[in-house]
Amino acid sequence: MFFFFFFVNDTATTEIYTLSLHDALPIFSTDGGIAVVDRIGGPVIRTYGELAGLPSQIVWQVVRDASGTLWAATTGGLARLTGSRFESFEPQQIQDARVLLPLASGLLVGGTSTSLFLVTAAGVDSIPVPGLESPAGYSGAVTDSEGVVWLASRNGLVSYDGAVAEYLGIING
């Protein structure tokens with residue numbers, strides 16, 4: 001058995017939530033912030049935490065949009081990297097960002113513990129999901145070959161075609 005942990009911002013990181021690439025280097029979202037490493041298991045060469053502008057140390061996901069901007073979904077909300085610091089994005093509208101999915105159009109679809117949203121050049125638009133009664137708790141998102149976004153939540157599956165979201169419920173297989 002192999003155990004992997006490292007220190008991010010002087011905090012021992014024990015949970016890694018996602019892995020993506022940042023300037024061709026692995027970048028981890030963790031329970032202690034964000035870490036960019038030279039190689040997996042190698043030295044941490046850059047970290048980002050609350051001192052670097054993240055709204056929270058707990059980072060659920062890190063993604064890069066079509067323009068190359070790095071975004072972080074944190075328990076404190078959504079943030080984007082501008083220069084060497086993160087800045088909160090629409091903190092009044094987005095709390096506890098859990099999932100982010102960059103779209104080919106340059107937009108971002110995201111989910112929080114309670115809602116679905118779309119990040120546009122003008123700001124954030126809420127996406128209503130008819131039939132979804134209780135907080136969704138979004139946990140994953142993918143785009144299919146036709147451009148439809150599929151989101152997993154603790155209450156079931158949601159699809160979003162760019163105009164309308166549909167709650168499909170729990171799918172038993």
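The structure is a predicted model, in which local features need pLDDT of at least 70 and side-chain atom pairs count only at pLDDT 80 or more, while totals for chains, interfaces and linings use all residues. Residues are numbered from 1 along each chain as its sequence is written, and side-chain values use heavy atoms, with hydrogens and water left out.

Strands, like helices, are taken as DSSP runs numbered from the N terminus (at least two residues of type E for a strand, at least four of type H or I for a helix). An open sheet is formed by four strands in the order S7-S8-S9-S10, with antiparallel pairing. Its edges are strand S7 (59–64) and strand S10 (85–88); each has a single partner strand, so one side of each lacks a neighbour in the sheet. From one strand to the next, the twist averages 25 degrees; axes are lines fitted to C-alpha atoms, for helices over the stretch in contact, and angles run from 0 to 180 degrees between N-to-C directions. Pairing requires that DSSP find at least two bridges between two strands. Strand S8 (residues 70–74) and strand S9 (residues 77–82) are joined in the antiparallel sense by four bridges, and Thr74 has Gly77 as its bridge partner in S9.

Strand S13 (residues 116–120) is mostly covered, with five of its five residues buried. Strand S12 (residues 108–112) runs antiparallel to S13 and is joined to it by four bridges, with Leu116 in S13 as the bridge partner of Gly111. Three residues lie between S12 and S13 in the hairpin that they form. S13 also pairs with strand S14 (residues 123–127), in the antiparallel sense and over five bridges. These two strands form a hairpin with two residues between them, and Thr120 is partnered by Gly123 in S14.

A nonpolar core is a set of buried Ala, Val, Leu, Ile, Met, Phe, Trp, Tyr and Cys residues joined through side-chain atoms within 4.5 Å. The largest such core has 16 residues, and Val109, Leu116 and Tyr138 have the most contacts inside it. Two or more residues each come from strand S11 (97–102), S13, strand S16 (149–153) and strand S17 (156–160). A second, separate core of 13 residues includes Ile27, Ala52, Leu54 and Ala79.

Two salt bridges are found in the whole structure, a salt bridge being a side-chain nitrogen of Lys or Arg within 4 Å of a carboxyl oxygen of Asp or Glu. One joins the side chains of Glu87 and Arg80 (3.2 Å, N to O). Glu87 is partly exposed at 33% relative accessibility, as is Arg80 at 26%. Another joins Arg98 and Asp96 (3.0 Å, N to O); Arg98 is partly exposed at 27%, whereas Asp96 is buried at 14%.

Arg46 lies in strand S6 (residues 44–48) and is partly exposed, with 31% relative accessibility. Its side chain reaches the backbone oxygen of Ser84 at 2.9 Å.

Notes: Buried < 20%, exposed > 50% of the residue type's maximum accessible area, 1.4 Å probe, protein only. Polar contact = N/O pair within 3.5 Å; in protein donor to acceptor, adjacent residues only side chain to side chain.
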